[in-house]
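Visitor: I am new to this structure. Could you walk me through how its parts are arranged?

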Protein chains: 2
Amino acid sequence: MHVLVIGASGMVGRKLVERLSKAPDVLGTPIRRLTLADAVAPVAPQALTGIAGTLTIDLAASGTAEKLVAERPDIIFHLAAIVSGEAEAEFEKGYAVNLDGSRQLLEAVRMEAMREPYCPRLVFASSLAVFGAPFPERIDDDFLAAPLTSYGTQKAITELLLADYTRKGILDGVGLRLPTICIRPGVPNRAASGFFSNILREPLSGREAVLPVEEGVRHWFAGPRAAVGFFLHAARMETARIGPRRSLTMPGLSATVADQIAALRRIAGDAAVKLIRRERDPLIEQIVSGWPQNFDARRAHELGFRAEADFDEIIRTHIEDELGGRLP
Amino acid sequence: MHVLVIGASGMVGRKLVERLSKAPDVLGTPIRRLTLADAVAPVAPQALTGIAGTLTIDLAASGTAEKLVAERPDIIFHLAAIVSGEAEAEFEKGYAVNLDGSRQLLEAVRMEAMREPYCPRLVFASSLAVFGAPFPERIDDDFLAAPLTSYGTQKAITELLLADYTRKGILDGVGLRLPTICIRPGVPNRAASGFFSNILREPLSGREAVLPVEEGVRHWFAGPRAAVGFFLHAARMETARIGPRRSLTMPGLSATVADQIAALRRIAGDAAVKLIRRERDPLIEQIVSGWPQNFDARRAHELGFRAEADFDEIIRTHIEDELGGRLP
């Protein structure tokens, strides 16, 4: 089986590739070939020597999609995107990559299929950003996509295209609306959502972190390991069960900052919690107040997608996967 | 004021232009210039001589949108589309006109606005086809757009673009999801929805019509006069009240075929009803069974959009507008 990962250098992309390298039969059929593509030069894990190839690409550029599809990958993971803030600041760039790049990918599959029968599984990383306030208390699977950012608009449009191309039999698409991934490994970043990870990751390693909002703030989360699990499940599941609505809100955990901190206390003690410095930031408070807080992800759950049960599990998984299994 | 009507040769487009010609101040400010554009050569009403210009265009062709926008119309009515059946049969053509043509129009406005401040009102004819089964008993304003046709997909995508371009201050967009227009004037057509009009229009003129479904079939309707009213209201309303969700399900009338026939009997008598020949068509029955039956169009209603109250009003309006005010 030939697997293509577009966006292989991003956080979830890297973790997905790492998982494929550790369990090459995780998709059911052995992977004979793995192509890693990204705007940032991808690095193939050692374990994949001889199987993995890397491509540094501009998905928006003419010919890129055709080149990626010409090798007829059986499974395409499409995680490439200009992130939310950048897509908002750079209107043309956001549309070029997130909309046109995605559409060119679907079109390249259609053209390839016209040449010779071909119908790859295409797993697309969508986003909660397809939703916009005002929200009901719990957002169910029938709630409208009314994005309030260009990024969310581009993701919602790609979801619609994915469904139509799937309905037409051109490809076998599944869109995954990922929860906010927490705990993000790495260093603190300046994304408005960064603090949700910072206040756990930093204290777990004995470092200070800033909490810019009140503890009552609620949001929708999944850990990186669950996120990778979503992609693997989407790649190997029986898609006939999905029906025509091909994009699914992924399961997650609705939790407050207080819930996060309580779990941190249970696992790493008061000393860790004391490393959280409260410093309210009105701008971040305002941005976060427009985000969804809770979902009823029934369809995805019924289709076998699973997230972590609570923040204790998310923290323990982080300690296993990122800290060598123990606290410093 | 300069008004541009794209899709001026279609049924609703022609009725809109006719209304503008009869009441040139209907939009509040006198129309000094009216541009009628369509793939089928538009005909300008006599009353508009000296004001109206006509253009035969291919909206998908390079340069068309720029040319239409270069004259900086204050109000753009965008009704141009490849219809549902054709967009389904001709995948590329449907996307080229309904998606790319619409996007090129929005982009042309953006480019024009970058040259010199410009923010036209853009009223877009969307469709109930953005919705796909299964439906709740009444579809409310928060229900997801999950189209089951390429046409519906293209309309839903244009709605998303319209909202994002409006949010960015590039234009002032309003999308109107029109009910099935009934009674369509003209001759019976072979559209799957045609019978809803045929069974009233033909008997009202003493001719036979075929009813291919059971009388219990329910659907969502508005008359041509209400449809024109939707466009006029959208062109002159205070759009700040709409908020970021710029596409609105238009008010209509949820009625069964039995309701239609009862109204026909009240207005034109048993003789007219006897001209309806029952001849069930399983294919049409199947297509129609996937259509929405009822909406709670609360937002549009609160914003002042109005449809007919019942089928008696729809039939009486047809007699006034199409039959010179009396039955033959």
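**Two chains and their contact**

Guide: This is a predicted model. Chain A superposes on chain B by a rotation of 180 degrees, with 0.0 Å of shift along the axis and an RMSD of 0.0 Å.

Visitor: What relation is that?

Guide: The rotation is 180 degrees and the shift along its axis is 0.0 Å. That is therefore the relation of a two-fold axis.

Visitor: Which residue of chain A comes closest to the rotation axis?

Guide: Distances here are taken at the C-alpha. At 1.8 Å, the residue of chain A closest to the axis is A:Leu144.

Visitor: Which helix of chain A gives the largest share of the side that touches chain B?

Guide: The contact takes 17 residues from chain A and 17 residues from chain B. On the side of chain A, six residues come from one helix, spanning residues 150–167. That largest share belongs to helix H5 of chain A.

Visitor: How many residues on that side of chain A are nonpolar?

Guide: Three residues there are polar and four are charged. The nonpolar ones number ten.

Visitor: Through what do the copies meet?

Guide: Of the interface residues of chain A, 100% are also interface residues in chain B. So the copies meet through the same surface.

Visitor: What is the radius of gyration of chain A?

Guide: Chain A has eleven helices and twelve strands. The globule rule gives 20 Å for 328 residues, and chain A is close to that, so it is as compact as a globular protein of that length. Its radius of gyration is 20 Å.

Note on methods
Residues numbered from 1 in each chain as written. Chains lettered and ligands numbered in written order. Predicted model: local features only at pLDDT ≥ 70, side-chain atom pairs only at ≥ 80, totals over all residues. Contact = placed C-beta atoms within 7 Å. Helix = DSSP H or I, 4+ residues; strand = E, 2+ residues; numbered from the N terminus. Nonpolar A, V, L, I, M, F, W, Y, C, P; charged D, E, K, R; others polar. Least-squares fit on C-alpha atoms with pLDDT ≥ 70 in both. Rg over C-alpha atoms; globule rule 2.2 N^0.38 Å.
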